Amino acid sequence: MTPLAPLITAFLREHLPGALGRSRHTCEAYAHASKLWLVFAAEQHGLRPSQLCLEHLDAALVLNFLAHIEQRRGNGAATRNARLTAIKTFMRYVELRVPAALEQIRQVHAIPSKRHDQMLVRHLTMEEVRAVLNAPDPSTRLGIRDRAMLHLCFAGGLRVSELVALPLAQVCLQGTPSIRVHGKGRRERCLPLWKDTAADLRAWLAVRGQVRCPELFANAEGTAMTRAGFEYVLDKHTRAAAARCPALAGRLVTPHQLRHSCAVVMLQATRDIRKVALWLGHADIRTTEAYLRVDPSEKLEAIEAVLPPGLRRGRFKAPDALIAALLNPAAQTSTGRSPTRPTSRQGPVP
């Protein structure tokens with residue numbers, strides 16, 4: 001039996017950030033997936049996680065774990081596939097260090113990803129975005145901060161991780177206002193800001209004061225804003241905005257929906273998917289093509305550009321008196337009998 005603890009420790013602490021160069025967010029996601037997987041395996045075998053061995057993590061247990069997170073935890077197919085990717089990455093690391101487990105690892109690698117429906121991205125209309133941005137009270141310090149956070153998240157199309165980790169040093173409000181974002185995949189991008197967005201940032205910096213964190217946005221305790229903190233702020237102001245915009249009533253608006261809303265607005269304004277991909281920081285333009293399915297303007301242009309086939313038109317005519325009577329209830333009322341009932345035969349029945 002091969003002890004699992006040294007392998008998983010070296011994988012998370014050395015291999016992921018060192019040999020593979022994964023970002024902190026990726027390492028955290030893989031660590032969370034490993035935690036769920038190992039806790040499930042320990043419960044299945046009646047052991048403590050530190051007592052698990054590599055031989056316990058066979059393909060059957062992986063399949064049971066994937067079914068568990070879908071059925072018990074309520075995760076979707078996309079999350080299920082992400083957990084499977086983390087497991088396969090760990091097994092790829094192990095196969096070079098424990099050759100005796102190659103057959104077991106091969107069976108795990110043979111588990112396929114699950115296909116799932118690709119729904120249209122959920123986004124807000126400009127009226128709904130305006131209602132959310134107007135919800136914070138601009139006469140209070142926290143209201144000024146919330147307005148600046150929400151406005152910047154929408155205007156820059158930022159991921160929530162990019163927003164809460166944005167350093168104050170990467171914000172330039174002189175000349176042409178802009179921010180420098182360190183995004184996914186360690187790709188940096190420079191985004192110019194609208195005048196209204198820059199005005200909201202200046203208002204926040206005027207009341208920000210001295211805080212203990214280098215990030216632009218701080219919470220009430222003076223430390224960096226967290227993902228959960230921004231989600232709470234967005235949910236609070238969305239519920240408040242529902243009083244002015246009934247379309248928001250009962251809706252769960254996530255930070256990523258602000259990013260989707262920015263992408264849809266920019267696509268409708270520019271009609272250039274490449275500019276949208278550059279603005280959002282997508283590495284592959286195929287990711288940005290999801291917004292083409294949301295925007296109906298591209299389909300309307302296609303309909304207007306194509307000449308429809310000329311078809312022969314005609315008018316329906318009732319084929320017999322019975323159908324004509326059914327289509328004319330007035331005639332049935334004047335005769336006093338139903339035209340659908342056949343007349344009885346005269347004479348004796350043979």
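**Exercise 1.** Is Asp196 buried or exposed?

*Solution.* The model is a predicted one.
Step 1: locate the residue. Asp196 belongs to helix 9, which covers residues 195-208.
Step 2: take the relative accessible area of Asp196, which is 56%.
Step 3: apply the cut-off. A residue is exposed when this value is over 50%, so Asp196 is exposed.
Step 4: Asp196 and Leu152 are 44 residues apart along the chain, and their C-alpha atoms are separated by 9.8 Å.

**Exercise 2.** Determine where His282 sits, how it is classed by accessibility, and what its side chain meets.

*Solution.* Step 1: His282 is in the loop that runs between helix 12 (273-280) and helix 13 (285-288).
Step 1: the relative accessible area of His282 is 17%. Buried means under 20%, so His282 is buried.
Step 2: list the contacts, not counting residues up to four places away in sequence. His282 touches Arg159, Arg259, Ala277, Thr287, Thr288 and Tyr291.
Step 3: look for a polar contact. The side chains of His282 and Thr288 make one, at 2.8 Å.

**Exercise 3.** Classify His56 by accessibility and describe its surroundings.

*Solution.* Step 1: His56 lies in the loop between helix 2 (24-45) and helix 3 (59-71).
Step 1: with a relative accessible area of 16%, His56 is buried.
Step 2: leave aside neighbours within four places in sequence. The contacts of His56 are then Met1, His45, Leu47, Gln51 and Leu61.
Step 3: His56 and His45 are eleven residues apart along the chain, and their C-alpha atoms are separated by 7.9 Å.

**Exercise 4.** Which residues does Arg141 contact, leaving aside its neighbours within four places in sequence?

*Solution.* Step 1: Arg141 is in helix 7, residues 141-156.
Step 1: its relative accessibility is 33%, so Arg141 counts as partly exposed.
Step 2: with those neighbours left aside, Arg141 is in contact with Trp204, Val207, Arg208 and Val211.
Step 3: examine Val207. The backbone oxygen of Val207 lies 3.0 Å from a polar atom of the Arg141 side chain.
Step 4: compare with a residue elsewhere in the chain. Leu327 is 186 residues from Arg141 along the chain, and the C-alpha atoms of the two are separated by 71 Å.

**Exercise 5.** Describe the backbone angle phi and the location of Arg186 and Arg271.

*Solution.* Step 1: recall the background. Most residues other than glycine have a negative phi.
Step 1: Arg186 is not a glycine, yet its phi is positive, about 60 degrees. Arg186 is found in the loop between strand 2 (178-182) and strand 3 (188-192).
Step 2: Arg271 also has a positive phi, near 55 degrees. Its loop runs between helix 11 (255-270) and helix 12.
Step 3: Arg271 has 41% relative accessibility, so it counts as partly exposed.

**Exercise 6.** Characterise the protein as a whole by its elements, dimensions and charges.

*Solution.* Step 1: the protein contains 16 helices and three strands.
Step 1: its radius of gyration is 31 Å, whereas a compact globule of 350 residues would have one near 20 Å. The C-alpha trace spans about 100 × 65 × 40 Å along the principal axes.
Step 2: 40% of the 350 residues count as buried. The accessible surface is about 21,300 Å², with 55% of it belonging to carbon and sulfur atoms.
Step 3: there are 49 positive and 29 negative side chains, and the centres of the two sets are 4 Å apart.

Key:
Residues are numbered from 1 along each chain as its sequence is written. This is a predicted model: local features need pLDDT of at least 70, side-chain atom pairs count only at pLDDT 80 or more; totals for chains, interfaces and linings use all residues. Side-chain values use heavy atoms; hydrogens and water are left out. Helices (H or I, at least four residues) and strands (E, at least two) are DSSP runs, numbered from the N terminus. The radius of gyration is taken over C-alpha atoms; the globule rule is 2.2 Å times the number of residues to the power 0.38. Buried means under 20% relative accessible area, exposed over 50%, partly exposed in between (1.4 Å probe, protein chains only). Accessible areas come from the Shrake-Rupley method with a 1.4 Å probe; for residues, only the protein chains shown count as cover. Lys and Arg count as positive and Asp and Glu as negative; His and the chain ends are not counted. The place of a charge is taken as NZ of Lys, CZ of Arg, CG of Asp or CD of Glu. A polar contact is a pair of N or O atoms within 3.5 Å; within protein, one must be able to donate a hydrogen and the other to accept it, and residues adjacent in sequence count only if both atoms are side-chain atoms. Contact means heavy atoms within 4.5 Å.
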